[in-house]
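Please open the structure in a viewer and keep the sequence beside it.

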Amino acid sequence: MQDLMNKLTTMLEKHLVPVMNKMANNRYFGAIRDSLIATMGLTIIGSLCLLIATFPFPQSYVEFIAANPELQSILMIPFNLSVSIISVYVAFGIGYYLSESYNLNKLVGGITALFTFLIMAGGINSSYLGAEGMFTAIIAAIFNVEVTRFCVAKNIAIKMPKAVPANIAGGFTALIPCTLSTLMTIVLIYFIGFDVNSILATVLTPIITLAGDSIFTALIYVILATLMWFAGLHPQVLASLLTPAWTIMSVANMNAYAAGMPATHIFVKPFFFTFVFIGGQCGTLALNFIMLKSKSKTHRDLAKLALPAGLFNINEPMLFGLPIVLNPTLIIPALIGQVTTVLTTWLAFASGIVPPMVNPEAALWNLPAPIAAAISTFSWQAVVLLFVNMLIQGLLYIPFYRIVEKDMVAKETAEIETN
Amino acid sequence: MKKIVLLCAGGMSTSLMVTKMKDYADSIGFECEINAYAVNTAAKNAKDADMILLGPQVRFSMDEIKLQCPGVPVEAMDMMDYGMMKGEKVMKHVLEVIGK
């Protein structure tokens, strides 16, 4: 057993993690991810406004909002200027971060990438400025930065005399690459009539959302994440690989909801971080409560230490202190609990028993789970689902925890006797 | 004043350890600055530290951190010490490494 554990740990640490890190640190992927992270503040503000403007209870509040349509439209302004045009910000962000990674002028890179995106998307009234245009934003920004890099590498630039300040010279350096990418984009889209937006939106977006919005991806994700924790490694890299798909699906759900259409994506970020990782990854909150009444003093102390952070889904004290890390007994219920609650959550959403996550961005991962469940779905059914999942995770942990508890009590008694 | 930096995935769980370490440092009257950050901000936040401690869950970033912060001693915290948040033990070890 010890041998198998060591093998698994070495395998993950030496082989899987470096490969994953390499993928996550890929230049393009990194720029896309960082720009999505940079827009988080905006999507959260947008989602809060959506929350206030459309909160479904109590009835008196619903009637008050319905009687004041001007108020509702004012409340929706931040939503319309954040979530609904998210790709504008993403294009700037990718241009900025990608230029930074090439040591090019990043502000100029961000601005010109945004410019190229607006041309590609078809202007400031385009319907491709939201989630549908995300890939146009990605392609436009990468294209723009790569043209710039090509020009810089080949020394194609307007050279300013040395006496001209660097800031001003930077703006001129961008002139030729920007003209080139603008020309190519305009010829391709407006003269040749290549409709890049609808091609990307009808081909690429469905592929990514299909890949991300699937029970198989969800299962692979939680199994790998749990195994990485078993080896004591933070699986952040897995989450960062899924972040683009999560963002696109969240924004699509929110826009659909705001437009009165059904929100169709199930496997958005809170699916995992609210309904499965209850109290943190490995779903330790239920176990944490159980341990408050443990026969072992060490475990009771640990439970008290871990609970305040655990309510906000931070559970390193449980993972490393109990521990669950490298613990072949506790990894079994952890893994089964994670897989089972992925399945129950999927069934609950897919069958419509729990209303869809129309406002997933409001459910920040470190919000206490019942609050996150309620505001991401505007429903009480989601809170019930959450407690059912927590119960499942707790019941699975109990028999295995009793074994660990017995060992610890024996150890404590032995220590008292030797003293 | 000595500067100690703790790094983990998001700088959240290490901030629990920071509190415990500060408690011990205060109790022995050792003046120091202890902060927790996300591991990907090391180049910005940890370059001028006297010592860097990694949460065990990000120990695989050790080589990268050493490259980003040349000359700063970098160690991963022990898993059990970390889990039980033994600030006193970790702080004592830090004092051994950086000197009082």
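**Two helices in contact**

Begin by selecting A:Phe29, A:Ile32, A:Arg33 and A:Leu36 in H2(A), which meet A:Ser240, A:Leu241, A:Thr243, A:Pro244 and A:Thr247 in H13(A); contact means heavy atoms within 4.5 Å. The residues of this contact divide into 5 nonpolar, 3 polar and 1 charged. In this division Ala, Val, Leu, Ile, Met, Phe, Trp, Tyr, Cys and Pro count as nonpolar, Asp, Glu, Lys and Arg as charged, and the others, Gly among them, as polar.

The model is predicted: local features need pLDDT of at least 70 and side-chain atom pairs count only at pLDDT 80 or more, while totals for chains, interfaces and linings use all residues. Residues are numbered from 1 along each chain as its sequence is written, chains are lettered from A and ligands numbered from 1 in the order in which they are written, and side-chain values use heavy atoms, with hydrogens and water left out.

Now display the whole of helix H2 (residues 27-38) and helix H13 (residues 236-258) of chain A. They pack at an angle of about 55°, with their axes 10 Å apart. Axes are lines fitted to C-alpha atoms, for helices over the stretch in contact, and angles run from 0 to 180 degrees between N-to-C directions. H2(A) and H13(A) are therefore oblique to each other, since angles under 35 degrees count as roughly parallel, over 145 as roughly antiparallel, 65 to 115 as roughly perpendicular and the rest as oblique.

**The whole chain**

Zoom out to chain A. Its secondary structure comes to 20 helices and 0 strands; helices (H or I, at least four residues) and strands (E, at least two) are DSSP runs, numbered from the N terminus. The C-alpha trace of chain A spans about 85 × 60 × 40 Å along its principal axes. Of its 419 residues, 50% count as buried, a term for under 20% relative accessible area, with exposed over 50% and partly exposed in between (1.4 Å probe, protein chains only).

Select A:Ser126, in the loop between helix H7 (106-121) and helix H8 (134-153) of chain A. A:Ser126 is buried, with a relative accessible area of 14%. Which backbone atoms does the side chain of A:Ser126 reach? One is the backbone oxygen of A:Ala121, at 2.7 Å; another is the backbone nitrogen of A:Tyr128, at 2.8 Å.

The side chain of A:Thr136 makes a polar contact with the side chain of A:Asn197 (3.0 Å). A polar contact is a pair of N or O atoms within 3.5 Å; within protein, one must be able to donate a hydrogen and the other to accept it, and residues adjacent in sequence count only if both atoms are side-chain atoms. Leaving aside neighbours within four places in sequence, A:Thr136 is in contact with A:Phe117, A:Met120, A:Ala121, A:Asn197 and A:Leu200.

**Backbone stops in loops**

Most residues other than glycine have a negative phi, and most peptide bonds are trans. Select A:Asn313, between helix H16 (297-310) and H17: its phi is positive, about 65°, although it is not a glycine. A:Asn313 is buried at a relative accessible area of 8%.

Finish at A:Pro323, in the loop between helix H17 (316-321) and helix H18 (328-350). A cis peptide bond joins A:Leu322 and A:Pro323, with omega about -15°.
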